[in-house]
Amino acid sequence: GGDAGRYACRMAKKKATPIVDNDELEAVIHVVRGQRVMLDADLARLYGVTTAALNQAVSRNKERFPEDFAYHLTQQEVTNLISQNVISRSGYGGRRKRPWVFTEQGVAMLSSVLRSKTAARVNVEIMRTFVRLRRLMATPGELVEQLSKLAETVQWHDEQITLIKQVLQQMLAEPPKEK
């Protein structure tokens, strides 16, 4: 019985290898409307299901996917992603509907409607990638927020410097002559 126990212990210590590659995941996370999102077709491929099956699961659970979790792209957004070679042009047998995109919260919610072991494991890797990207780079919306805060700080510092300058000028000015 000792060998089996040691083997089980060794297996428990081994870290599960990721199903998907980090670079592959980063390549399918895009910025749309100032936030990081993933396309339905990319998620379906990663989860090992058809895009239709993924979208059907979302349709059956609409209450779990508010607009800030998942939404259809506008025709202009589809055109932009096609021009960036993110989505292939729909030729013969191509998509007939505009794609869904999922925010980080939407991707997390997908694991509750796609109940396969693969979906659960892939989801863990996707969440880790979103977190890593958040640490590495800001989205345009986050940059605007940071720049606004910086501008406020600079404005405040500017006012303080002006005040200090005025006080110093008063101190350096010759005292008024007594009559």
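Ile164, Val167, Leu168 and Met171 make up a nonpolar surface patch whose accessible area is about 410 Å² together. Areas follow the Shrake-Rupley method with a 1.4 Å probe, and for residues only the protein chains shown count as cover. This is a predicted model in which local features need pLDDT of at least 70 and side-chain atom pairs pLDDT 80 or more, while totals for chains, interfaces and linings use all residues. Residues are numbered from 1 along each chain as its sequence is written, and side-chain values use heavy atoms, without hydrogens and water.

Leucine 168, one of the patch residues, lies in helix H8 (residues 140-172). Its relative accessibility is 46%, so leucine 168 counts as partly exposed (buried is under 20%, exposed over 50%, partly exposed in between).

Two packed helices are described by the angle between their axes and the distance between the axes. Helix H3 (residues 40-47) packs against helix H7 (residues 117-136) at about 120 degrees, the axes being 9 Å apart. H3 and H7 are therefore oblique to each other. H3 contributes Leu43, Leu46 and Tyr47 to the contact, and H7 contributes Thr118, Ala119, Val122, Asn123 and Ile126; contact means heavy atoms within 4.5 Å.

The protein has eight helices and four strands, in the order α-α-β-β-α-α-β-α-β-α-α-α from the N terminus on. Helices (H or I, at least four residues) and strands (E, at least two) are DSSP runs. Of the 179 residues, 28% count as buried.

Methods
Buried < 20%, exposed > 50% of the residue type's maximum accessible area, 1.4 Å probe, protein only. Patch = residues over 30% accessible without salt bridge, like charges linked within 9 Å, V, L, I, M, F, W, Y side chains within 5 Å. Salt bridge = Lys/Arg side-chain N within 4 Å of Asp/Glu carboxyl O. Axes fitted to C-alpha atoms, helices over the stretch in contact; angles between N-to-C directions. Parallel < 35°, antiparallel > 145°, perpendicular 65-115°, else oblique.
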